[in-house]
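Reader: I would like to learn how to read the features of a model like this one. Could we go through it together, step by step?

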Amino acid sequence: VCSSDLATEVFCRWRGLFDMVPVTTSFLGHNVHIRKMRNPDELQPESNLTPVTCEPGTLFYDKLMKTLFVRCSDRWIACDQLKMENKAVVSAEAFANGYQLKRQQLSFGEKRTA
């Protein structure tokens, strides 16, 4: 997932290749495979809950939907399962809780800071 990707392009890439070549991005200096996502035409976060301005790659966890939304260049895409490098597959809820996404604004593509 990169800053110029449209949500529909990312979803189509995932749908066509996810069992052979996972959609990959980076998070805090580690590779992340997006294992399960939903069609962006069918699911978007509540507009009153999302940050007003977001760069592509921004992560937003919707607690009620238990879904991690990733900002693409045009809109959000919902991710339900992720796999961090050398880790097991986790749900969006476990990922958000583990990285405390409610307390800080993080993005895919960010490097770890010391």
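Author: Gladly! Let us begin with a term we will need: a residue is buried under 20% relative accessible area, exposed over 50%, and partly exposed in between. Please keep in mind that this is a predicted model.

Reader: Then let me try one. Is N86 buried or exposed?

Author: N86 has a relative accessible area of 74%, so N86 is exposed. N86 sits in the loop between β5 and β6 (89-91). Its backbone deserves a look too: phi of N86 is positive, near 60 degrees, and the residue is not a glycine.

Reader: Which loop holds L28, and what is the value of its phi?

Author: L28 belongs to the loop between β1 and β2. L28 is not a glycine either, yet it has a positive phi of about 50 degrees.

Reader: Let us step back to the whole fold. How many helices and strands are there in the protein chain?

Author: The protein chain has 2 helices and 6 strands. Along the sequence, they come in the pattern α-β-β-β-β-β-β-α. As for burial, 39% of the 114 residues count as buried. The chain exposes about 6700 Å², and carbon and sulfur atoms supply 49% of that area.

Reader: How do I judge the reach of the contacts along the sequence?

Author: Take the contacts between residues at least 6 apart in sequence: 59% of them join residues at least 24 apart. T8 is in helix α1, and its C-alpha atom is separated by 7.9 Å from that of D41, 33 residues apart along the chain. Leaving aside neighbours within four places in sequence, T8 is in contact with P40, D41 and R75. With a relative accessible area of 32%, T8 is partly exposed.

Reader: And which residues does D5 touch?

Author: Not counting residues up to four places away in sequence, D5 touches V10, R13, C72, S73 and D74. D5 lies in the segment before α1. Its relative accessibility is 10%, so D5 counts as buried.

Reader: Now for the interior. What is the general idea behind a nonpolar core?

Author: In soluble globular proteins, nonpolar side chains tend to be buried together. Here, the largest nonpolar core has 21 residues, and V10, F27, M37, L59, L68, I77 and F95 touch the most other members. The elements that give two or more residues to this core are α1, β1 (23-27), β2 (30-38), β3, β4 (67-71), β5 and α2 (92-98). There is also a second, separate core of 6 residues, which includes L43, F60, F69 and W76.

Reader: Some of those names are aromatic. How should I describe a pair of rings?

Author: A pair of aromatic rings is described by the distance of the centres and the angle of the planes. Two rings pair if their centres lie within 6.5 Å, and by this rule the count comes to 4 aromatic pairs. In one of them, the ring centres of F60 and F69 are 6.5 Å apart and the planes are at 35 degrees, so this pair is tilted. Both F60 and F69 are buried.

Reader: What are the distance and angle for F60 and W76?

Author: F60 and W76 form a tilted pair, with 6.0 Å centre to centre and 55 degrees between the planes. This pair links distant parts of the chain, with F60 in strand β3 (residues 59-62) and W76 in strand β5 (residues 76-84), 16 residues apart. W76 is buried, as is F60. Ring pairs link F60, F69 and W76 into a cluster.

How values were computed: Residues are numbered from 1 along each chain as its sequence is written. This is a predicted model: local features need pLDDT of at least 70, side-chain atom pairs count only at pLDDT 80 or more; totals for chains, interfaces and linings use all residues. Side-chain values use heavy atoms; hydrogens and water are left out. Rings of Phe, Tyr and Trp (its six-membered ring) pair if their centres lie within 6.5 Å; planes under 30 degrees apart count as stacked, over 60 as edge-to-face and the rest as tilted. Buried means under 20% relative accessible area, exposed over 50%, partly exposed in between (1.4 Å probe, protein chains only). Helices (H or I, at least four residues) and strands (E, at least two) are DSSP runs, numbered from the N terminus. A nonpolar core is a set of buried Ala, Val, Leu, Ile, Met, Phe, Trp, Tyr and Cys residues joined through side-chain atoms within 4.5 Å. Contact means heavy atoms within 4.5 Å. Accessible areas come from the Shrake-Rupley method with a 1.4 Å probe; for residues, only the protein chains shown count as cover.
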